[in-house]
Amino acid sequence: MATNEQGYFTEENSAEVVIGRMADSTDPRIRQIMDVLTRKLHEAVKEIEPTQEEWFKAIMFLTETGHKSDEWRQEFILLSDVMGVSMLVDAINSRRPNGASENTVLGPFHVADAPELEMGANICLDDKGEPMFVHGRILDTEGNPLEGVKIDVWQANDEGFYDVQQKGIQPDFNLRGVFRTGADGRYFFKAIKPKFYPIPEDGPVGELMNALGRHCMRPAHFHYIISKDGFDTLTTHIFDPDDPYIHSDAVFGVKESLMAEFKPVDDQQAAAEHGFSGRFFDVEYDFVLARDD
Ligand code: BEZ
Ligand code: FE
C-alpha cells in the first residue's frame with residue numbers, strides 16, 4: 001500500500017482513509033483545510049446519522065442556494081451570515097488594539113462608486129423619513145484627530161430598502177455618500193433615522209430561517225467603511241439601541257460598542273441651523289482607527 005492509502009473504507013475509519021489520500025498534496029494550506037473539514041464533517045455525519053432522504057434534502061438545499069445566486073444576489077454569503085460564520089471570519093481578521101473601533105459585517109448593499117460629497121451634505125435624496133444629523137470625530141488610538149480620512153456611508157430608506165433594491169423607485173445613490181475629514185478630524189452629514197428591515201427571505205436561506213423559528217430582521221443601523229493609508233480599514237455599522245431587534249440581529253452583527261444614542265431634538269433653532277424644518281435626531285459617534293502595523 002502506498003503511504004497515502006490507509007486500507008479500505010469503513011464506518012469507523014472513514015475520516016482517516018479520506019485524509020490519508022491527501023498525503024501527497026503539495027499545497028499545505030489546502031491540505032490543512034481539507035483535513036480539518038473532513039474530520040469535522042465525518043464527525044457531524046456520525047452524530048446526525050442522516051437518512052438517505054435527509055442527505056439528498058441537504059444536497060438539494062445547497063443546489064438551490066447556488067441557483068438563487070447571481071450577479072446581484074449571493075445566497076451562500078447570506079447562509080454564512082445567518083450561521084454566524086461571516087461574523088466569525090470578520091472577528092478573526094480584524095483583531096485590534098484596545099480602544100480601536102470594532103468591525104462588523106459588510107453586507108451586500110455597498111456600492112463602490114458612491115458620490116464624494118461636501119461635509120455636511122444631506123445623503124437623503126427623496127425627502128422621506130425622519131431627519132437625522134450624524135456627527136463625530138475620527139481619531140487614532142492616542143486620541144489625535146485624523147485628517148484626510150475617507151468615510152463611505154450607506155443606509156436603507158424609511159421603508160427598509162437600499163437604493164439598489166429599488167432601482168427606478170428610489171433615486172440612484174439615495175442615502176449614500178463619501179466624505180473626507182479635514183485637519184480637525186470631524187465628520188458631519190444629514191441622513192434619515194434608519195429602520196429595521198429583513199434580509200432577503202425569498203430563497204432557501206429564508207426557508208431555513210423559518211424552519212428554525214428565527215426571524216430575518218436586522219435592527220436599524222447605518223453602514224460605514226472608514227479608511228486612511230497607514231490605518232486598518234474599518235468596516236462597521238452604528239446601531240440604534242432602542243430597536244426591537246437589537247438583541248436578535250439575523251446576522252449577529254450587533255456589538256455593544258457600536259450603539260449610539262439617537263437623541264430626539266425638538267429645538268427649532270437647532271433644527272434651522274441644520275436646515276431641518278422641525279424635530280430631528282442627533283447621533284454623535286467618534287471612530288478610532290488602529291494603525292495597520
Ligand atoms: C446589511 O446590513 O446590509 C446586510 C448584512 C448582511 C446580510 C444582509 C444585509
Ligand atoms: Fe444594512
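First, terms: on a 1 Å grid over the protein atoms alone, a pocket is an open set of points with protein on both sides within 12 Å along at least five of seven lines, a cavity is a set where a 1.4 Å probe fits but cannot get out, and lining residues have an atom within 4 Å of a point. This is a predicted model: local features need pLDDT of at least 70, side-chain atom pairs count only at pLDDT 80 or more, and totals for chains, interfaces and linings use all residues. Residues are numbered from 1 along each chain as its sequence is written.

Now the second largest pocket. Its lining has 26 residues, with W72, P108, F109, H110 and V164 nearest its centre. α4 gives the most, four residues; helices here are DSSP runs (H or I, at least four residues), numbered from the N terminus.

Next, the largest pocket. Which residues lie nearest its centre? They are A58, F61, L62, L79 and M83, out of 28 in the lining. Two or more residues each come from α2 (28–48), α3 (52–68), α4 (75–82) and α6 (204–211). α2 gives the most, with ten.

Where does that pocket lie? Domain 1 (1–49) and domain 2 (85–289) both give residues to its lining, so the largest pocket lies between them. The domain bounds come from an automatic or database assignment. The domain centres, taken over C-alpha atoms, are 44 Å apart.

Last, the largest cavity. Its lining includes L78, D81, P108, F109 and H223. P108 and F109 are also among the residues nearest the centre of the second largest pocket.

How values were computed. Chains lettered and ligands numbered in written order. Heavy atoms only, no water.
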